[in-house]
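Student: Hi! I've got a new model open and would like a quick tour. Can we start with the overall layout?

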Amino acid sequence: MSIEIKNLNQPQARGAGDARNTPEAPRGGRGNAGGSTPAGPGDKVTLTETARRLSDLEQSATAQPEVNSERVEALRQAIAEGRYEVDARAVAEKIMNAERMI
């Protein structure tokens, strides 16, 4: 499973009262009169707690195998032996829960 976060370089939407949302607001105490300024030696990047957690989750997911081979083999054997039973009610509930999340 791979997680891809897009548009990380685009500015985030801010509240209407947030001065950082206005183009004429100076950044870092310096005005930017037409163009981007390269990052200076004093610039600092700080990740939010959510970004840290997402990064940790991504690393954890990457470390997991894509396929649980033991589980797949157990299911194949149960199907072949006719022991595999589908709980239609549980499947329907999970489908309904997934639809509610959209």
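Tutor: Happy to. This is a predicted model, and the protein chain reads α-α-α along the sequence.

Student: How many helices and strands are there in the protein chain?

Tutor: There are three helices and zero strands.

Student: And how much of the protein chain is buried?

Tutor: Buried residues account for 2% of its 102 residues. The accessible surface of the chain is about 10,100 Å², and carbon and sulfur atoms contribute 52% of that.

Student: Let's zoom in on helix 2. Is it largely in the open or largely buried?

Tutor: Largely in the open, because the number of buried residues among its 12 is one.

Student: What span should helix 2 have, and what does the model give?

Tutor: Helix 2 covers residues 69-80, and at 1.5 Å a residue those 12 residues should span 16 Å. The C-alpha atoms at its ends are 16 Å apart, so the model agrees with the expectation.

Student: Nice. What comes just after helix 2?

Tutor: Gly82 sits there with a positive phi of about 75°. On the topic of that stretch, Glu81 and Arg83 join their side chains in a salt bridge, at 2.6 Å from N to O.

Student: How many salt bridges are in the whole structure?

Tutor: A search finds two. Besides the Glu81 and Arg83 pair, Glu49 forms one with Arg52, where the closest N and O atoms are 3.6 Å apart.

Student: Where do Glu49 and Arg52 sit relative to each other?

Tutor: Both are in helix 1, residues 49-63, and they are three residues apart, which means about one helical turn separates them. In general, an α-helix has 3.6 residues a turn, so residues three or four places apart point the same way.

Student: How accessible is Arg52?

Tutor: Arg52 has 38% relative accessibility, so it counts as partly exposed.

Student: Switching topic: which residues form a nonpolar patch on the surface?

Tutor: Ile79, Tyr84, Val86, Val91 and Ile95 do, with about 490 Å² of accessible area together.

Student: Which helix holds Val91?

Tutor: Val91 lies in helix 3, which runs over residues 88-101.

Student: And how exposed is Val91?

Tutor: Val91 is partly exposed, with a relative accessible area of 38%.

Terms used
Residues numbered from 1 in each chain as written. Predicted model: local features only at pLDDT ≥ 70, side-chain atom pairs only at ≥ 80, totals over all residues. Heavy atoms only, no water. Patch = residues over 30% accessible without salt bridge, like charges linked within 9 Å, V, L, I, M, F, W, Y side chains within 5 Å. Areas by Shrake-Rupley, 256 points an atom, 1.4 Å probe, with all protein chains shown as cover. Salt bridge = Lys/Arg side-chain N within 4 Å of Asp/Glu carboxyl O. Helix = DSSP H or I, 4+ residues; strand = E, 2+ residues; numbered from the N terminus. Buried < 20%, exposed > 50% of the residue type's maximum accessible area, 1.4 Å probe, protein only. Expected span 1.5 Å × (residues − 1).
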